[in-house]
Amino acid sequence: MSGLLRTLSLLIGLLFIGAGPAAAATDIQRIVSGGLEAWLVEDHATPVISLSLAFRGGAALDPPGKEGLAQLASSMLDEGAGDLDSQAFQRRLDDLAVELGFEVDRDAFYGHLRTLAENRDEAFSLLRLALSRPRFDAEPMERMRNQLQAGLRRAEEDPRTRAQRRLFAAVFPEHPYGRPVEGTHDSLAAVTADDLRGFAARHLSGDALVLGVVGDITAADVKALLDALARDLPVAGTRPAIADITAAVVPETVVTMPARQAAVVFAQPGLKRNDPDFIALTVVNQVLGGSGLTARLFEEVREKRGLAYGIYTTPLPFDHSALILGAAGTANERVGETVAVIRDEWRRLAREGLTETELADAKRYLTGSYPLRFTASGSIAEMLVAIQLERLGVDYISRRNSLIEAVTLADANRVATRLFDPDRLSVVIAGGL
Amino acid sequence: MTANSSHGAPVGLRAGYALMFAVALLWPLVRPPAAHAAVFSPETFTLANGLQVVVIPNRRAPVVSHMVWYKVGAADEPAGQSGLAHLLEHLMFKGTPTVPDGAFSQQVARNGGEDNAFTSYDYTAYFQNIAKDRLGLVMELEADRMRNLTLSDAQVAGEINVVLEERHQRVDNNPAALLGERTSALLFLNSPYRRPVIGWEHEVRGLTRSQVLAFYRHWYQPGNAIVVVAGDVSVDEVRPLAERIYGVIPAAVAAERPLIDEPSPLTARRLRLEDPRVAQPAWSRHYLAPSARSGDGRQVAALEVLAAVLGDGATSRLYRSLVVDGGPAVSAAAMYDPTLRGPSRFTISASPRPDVALSTIEAAVEAVVRSARDGDLAAEDIERAKRRLIAEAVYARDSLSHGAQALGEALSVGLPIAYVEEWPQAIAAVSRDEVIAAARAVLDDAHAVTALLPASGREDGERDQAARTTGAVQ
């Protein structure tokens with residue numbers, strides 16, 4: 001998938017984590033066995049099981065010149081494993097109506113599985129095969145490489161993707177975060193089957209694995225899966241250290257390309273997820289450019305001026321850095337006006353902070369909407385994984401809304417005035433022709 | 001506003017012009033089915049003023065999804081006013097005498113809810129996801145704007161700008177979407193489906209406040225609406241709320257919707273978009289097909305199975321023939337969405353590898369289609385496809401929104417609840433002979449539309465290198 005999509009879904013995932021309380025339905029059981037741990041939410045209302053997993057360490061681990069390695073690996077795990085070649089493996093999945101897929105972002109490698117409860121054992125067997133005995137045969141490897149390169153060509157046509165890539169390259173110079181998760185045409189061409197095998201051997205290890213399981217399954221079944229995975233996977237992997245980096249501030253940049261509408265992507269340094277002020281940042285961001293149809297930027301850019309169809313901002317924490325990232329699409333001839341409004345709102349926030357009413361509204365939205373994240377087993381499983389990746393604790397879901405509630409106007413305005421800085425805002429525009 | 005804010009991706013996709021494409025993508029999740037049980041087990045009742053209410057219990061979280069579906073969409077727009085239904089959808093957030101501009105979404109958000117809306121050919125839908133004890137509040141808000149919308153010329157003019165930016169973002173910035181618009185205009189000779197839901201730009205620019213209000217007053221009334229509530233509620237809880245809040249809206253004269261069908265397609269048609277932005281070429285073929293409303297139910301179910309066998313996933317016929325083992329394409333798929341009032345389409349699409357001509361793709365697809373028409377479809381492949389389709393109905397029950405979406409959509413196009421609830425049995429009953437017969441009836445290359453999106457020939461990254469750094473854009 002495109003970097004932008006990936007980023008957005010990551011963002012949305014993070015917002016969810018940042019979001020709230022909810023439901024007795026989230027009675028989480030910690031299952032620990034064989035050195036592995038899974039979090040389980042049993043729900044027997046529908047005969048469906050959703051499982052999500054993640055290995056810490058993602059595309060930022062790609063060696064220079066082999067960008068896209070993790071992405072290519074993620075596309076290959078279900079393209080043949082064990083004694084099953086690509087078509088045999090896919091046919092097995094389809095016969096059982098099992099949905100299995102893998103994806104990657106800068107910091108982690110993810111897997112998602114959904115199965116009917118009646119096919120649980122076979123579905124888990126296929127998952128284990130994919131993780132521990134991928135074949136990386138030549139035919140599917142060329143096919144996946146071709147598909148990813150086609151995706152790069154399509155992304156090349158899209159102003160927002162182009163702008164976002166340029167922005168990441170600019171604010172993370174000489175750092176893995178500045179390199180494209182999806183790789184480039186040439187870097188994908190440089191990846192060999194041995195690179196993929198090395199990736200799996202070094203990165204898909206038990207010490208890096210977290211799991212979330214939701215649905216029509218018991219603790220004993222999850223424990224059995226953990227025991228089997230513990231046998232299948234290497235205990236420990238090897239990962240090069242990644243340096244922390246503070247996002248750079250760069251001059252406004254234009255990527256000139258033919259487009260009916262220009263994409264404006266902007267970012268400034270943010271806060272990591274473990275920063276004590278991260279929750280306050282979540283609240284402040286909700287007021288500035290958060291989800292829904294009520295944020296300041298939405299009001300100023302869309303409702304008052306009709307400059308764009310959509311505009312948003314979001315905190316974007318990484319393991320080794322953090323951004324506050326935003327994007328909008330606007331007519332080529334009105335880019336200047338749109339960017340000026342964005343900078344003005346940034347300045348207003350930094351100078352004046354929030355009002356009591358804005359703070360209260362944002363908190364009510366963030367706390368009240370948290371239960372909306374708990375309506376499908378797949379989204380709950382993803383949340384269980386995200387919470388473990390960020391080491392927020394098994395009680396996080398029950399604490400989350402009180403963390404939001406505890407944000408005072410002083411907290412919010414400390415973040416607004418100290419963190420937000422129009423002079424640290426990097427802007428990239430793609431379009432213009 | 002409306003809908004669809006910048007990152008409401010799923011909703012945004014569903015909204016609008018990209019209907020065929022979006023529905024196809026979402027379809028596996030949205031669609032019903034399950035073995036021999038009912039799928040969503042909804043309950044329904046109708047108020048004295050004609051408003052139908054559907055309740056789908058789902059107890060996973062203490063929340064509800066509240067949707068209002070109006071049985072009107074882009075297909076019902078007067079000639080020369082394309083985009084009107086969608087513009088109205090945006091303007092529905094602009095206020096009433098008691099809920100001023102912007103207050104609707106603000107009230108929903110202050111109560112911890114999410115709201116948005118989307119427009120298609122046959123329906124326009126509004127929804128709020130919110131804590132179950134706020135159901136009355138969002139019902140009050142929707143009941144109010146069903147009849148009391150007020151608009152100024154300035155609001156309409158401002159929102160036209162927003163819609164044009166939406167159009168630029170979704171369509172004009174995307175050569176494949178531009179070609180898709182033109183393809184629909186060529187495939188449908190008579191059906192209003194030939195016009196884009198978001199509207200042609202020159203017509204959107206000319207839409208007026210009086211046109212919007214006339215359309216609104218004619219179509220937005222209780223007898224032309226369906227309220228769907230999914231979540232942690234029972235019909236016994238919903239009924240008194242609905243009677244008190246929606247029941248007081250006066251009934252109005254029933255709005256008539258003509259059903260406009262296609263003449264038989266006598267010709268093959270081709271179109272080719274040359275656009276300098278295209279880096280990855282694409283090929284697609286579109287066959288006129290029956291919808292669940294317009295066609296025979298068995299044939300429609302057979303076409304759904306046919307689409308899965310031919311073009312859904314890595315084991316599908318098209319993927320195996322065109323993509324696997326050094327085939328000419330990087331992707332290949334088939335799509336068919338029967339949930340429409342008027343005619344539907346069956347689409348096959350593929351993207352070539354870099355060194356492959358579109359004509360090579362076309363020949364390869366035609367060979368697959370020919371073999372399907374000749375009956376060369378393995379029973380095993382058909383059974384696998386049916387199993388997957390039926391499993392999707394179980395997966396759909398796992399989510400709050402899919403039931404509300406599937407039932408709202410079906411009822412809006414005039415299908416009964418039983419269509420959704422019995423969908424798995426309909427799929428299970430499809431025979432191999434019926435699939436082959438459906439292929440012969442619909443996959444007629446002599447009467448299809450073929451859309452070509454060739455690459456522009458420029459080198460990847462060429463323009464990127466020409467990018468400059470400047471501080472002058474402000």
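Student: What does the domain assignment give for chain B?
Tutor: Domain 1 (9-245) and domain 2 (269-453). Keep in mind that this is a predicted model.

Student: How many Å separate the centres of the two?
Tutor: The centres of domain 1 and domain 2 of chain B are 26 Å apart, taken over C-alpha atoms.

Student: And how many residues does the contact take from each domain?
Tutor: Domain 1 of chain B puts in 46 residues, and domain 2 of chain B puts in 48 residues.

Student: Which elements give two or more residues on the domain 1 side?
Tutor: Helix H2 (19-30), strand S2 (52-57), strand S3 (63-70), helix H7 (175-187) and strand S6 (225-231) of chain B. H7(B) gives the most, with eight residues.

Student: How does that side divide into nonpolar, polar and charged?
Tutor: The domain 1 side that touches domain 2 in chain B has 34 nonpolar, eight polar and four charged residues.

Student: Switching to the chains. How many residues does the contact take from chain B and chain A?
Tutor: Chain B supplies 67 residues and chain A supplies 73 residues.

Student: Which elements of chain B supply at least two residues there?
Tutor: Among them are helix H4 (103-110), strand S4 (114-119), strand S5 (124-131), helix H6 (153-172) and helix H14 (379-397) of chain B. Strand S9 (329-336) of chain B is also included.

Student: Which one gives the most?
Tutor: H6(B), with eight residues on the side of chain B that touches chain A.

Technical notes
Residues are numbered from 1 along each chain as its sequence is written. Chains are lettered from A and ligands numbered from 1 in the order in which they are written. This is a predicted model: local features need pLDDT of at least 70, side-chain atom pairs count only at pLDDT 80 or more; totals for chains, interfaces and linings use all residues. Two residues are in contact if their C-beta atoms, placed from the backbone, lie within 7 Å. Helices (H or I, at least four residues) and strands (E, at least two) are DSSP runs, numbered from the N terminus. Domain bounds come from an automatic or database domain assignment. Ala, Val, Leu, Ile, Met, Phe, Trp, Tyr, Cys and Pro count as nonpolar, Asp, Glu, Lys and Arg as charged, and the others, Gly among them, as polar.
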